[in-house]
Amino acid sequence: MTHASYPALRLRRTRASAWSRALHAETRLTPSDFIWPLFVTEGRQVEEPIGSLPGVSRWSVDLMVERAREAQAAGIPCLALFPNTQADRRSDDGAEALNPDNLMCRAIRAIKDAVPDIGILTDVALDPYTAHGQDGLLDEAGYVVNDATIDVLIGQSLNQAAAGADIIAPSDMMDGRVGAIREALEQEGHANVQIMAYAAKYASAFYGPFRDAVGSSGLLKGNKKTYQMDPANSEEALREVALDIAEGADSVMVKPGLPYLDIIARVKDRFEVPVFAYQVSGEYAMLEAAAAAGAGERDALVLETLLAFKRAGCSGVLTYHALHAARLLGA
Ligand code: PBG
């Protein structure tokens, strides 16, 4: 009896049983991979569901503390906070970002008080505070000016750090802001406050529900293409990442997530730096819509997309599915 034609190697062999698949898995997803973005709003005992983000709500500070407890119980190491600033506190110069008693600072302090061991990441950009919805200051022509904006972003960062933020995450895409913020943090005694740079942040159509959530969508005129990146580019993303690392970023982020897995893989390949993905609001809404339409099984869709970020090289993922996914995985 001869078997001249059997395959020399059967890759199906290691897939044949659950124990063997578990043993050979190259990538694993755990609750500690997640950063959970949360929207904070004024009031007490307030939950405001966000229509374009089914299953996601804005929470008042007191209820936000409960979310932080849930996150910790589920094994999630870090929260990302975003404020829905009340309309009469938005201005052309975004000055509310510098108020030590603004909504963000109150939320940070309340969470740190109640759940001291959970990390807090804070977004640095002026869009939740400006009357025009852009991330920085405008000149007379409506152009977002770089250097004057950085002066405000430094103040915003120091304000958040003083309130207890652990990771400052500049999402504004101004040139040179990471270095300027790092220097200011050092000078003001915040040597251990990290910077996670939104290094490769694209001018994306996937941010719509987020802008609803922070109340800037109705205010925003035009787009953010003069500072956020062109989706056509990937070499430029590597240059952005190289600059942010040189300026002192502890970790870098690619955003959005799923449509930009190629960027994540290129960044991880090129640089020895922790890389995070932001699976943004439009991606979340897309998955939820697909599941609601019966196009796939929700939990499986969620876990497969999150696993893809790990496979591409991410240390972790910002995802609105964080609590659900962490509970599925078991703390
Ligand atoms: C603020 C910011 C945005 C997001 C995170 N930080 C919106 C934008 O740049 O317009 C989007 C996140 C999401 O869509 O989930 N600069």
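Predicted model: local features only at pLDDT ≥ 70, side-chain atom pairs only at ≥ 80, totals over all residues.

**A close look at the rings and their surroundings**

Tutor: Happy to! Arg-177 belongs to helix H5, which covers residues 177-187. Leaving aside residues up to four places away in sequence, Arg-177 touches Ile-150, Leu-153, Pro-170, Ser-171, Asp-172, Tyr-198, Asp-244 and Glu-247.

One of those contacts, Tyr-198, leads us to the rings. Ring pairs join Tyr-198 into a cluster with Phe-39, Phe-82, Phe-210, Tyr-278, Tyr-284 and Tyr-320. In total, the structure holds nine aromatic pairs. A pair of rings is described by how far apart the centres are and by the angle between the planes.

Take Phe-39 and Tyr-320, which form a stacked pair with 5.9 Å centre to centre and 10° between the planes. This pair links distant parts of the chain, 281 residues apart: Phe-39 is in strand S1 (residues 34-41), while Tyr-320 is in the loop between strand S10 (316-319) and helix H11 (322-329). Phe-39 and Tyr-320 are both buried.

Another stacked pair is Tyr-202 with Tyr-260, at 4.3 Å centre to centre and 25° between the planes. Tyr-202 lies in the loop between strand S7 (194-201) and helix H6 (208-213), and Tyr-260 in the loop between strand S8 (251-255) and helix H8 (261-270), so this pair ties together parts that are 58 residues apart in sequence. Tyr-202 and Tyr-260 are buried too.

Now back to the cluster, where Tyr-284 is one of the members. Tyr-284 is also part of a meeting between two helices: along with Glu-283, Leu-287, Glu-288, Ala-290 and Ala-291 in H9, it meets Arg-298, Leu-301, Thr-305 and Phe-309 in H10. The residues of this contact divide into six nonpolar, one polar and three charged. The axes of H9 (residues 281-292) and H10 (residues 298-312) come within 9 Å and cross at roughly 145°, and the crossing is right-handed.

Finally, look for charges placed over rings. Arg-67 lies over the face of Trp-59, 4.1 Å from the ring centre. In a second example, the charged end of Lys-255 sits over the ring of Tyr-207, at 4.5 Å from its centre.

Key: Residues numbered from 1 in each chain as written. Heavy atoms only, no water. Helix = DSSP H or I, 4+ residues; strand = E, 2+ residues; numbered from the N terminus. Contact = heavy atoms within 4.5 Å. Axes fitted to C-alpha atoms, helices over the stretch in contact; angles between N-to-C directions. Left-handed = near helix turned anticlockwise from the far one by under 90°. Nonpolar A, V, L, I, M, F, W, Y, C, P; charged D, E, K, R; others polar. Phe/Tyr/Trp six-rings, centres within 6.5 Å; stacked < 30°, edge-to-face > 60°. Buried < 20%, exposed > 50% of the residue type's maximum accessible area, 1.4 Å probe, protein only. Lys NZ or Arg CZ within 6 Å of the ring centre and 35° of its normal.
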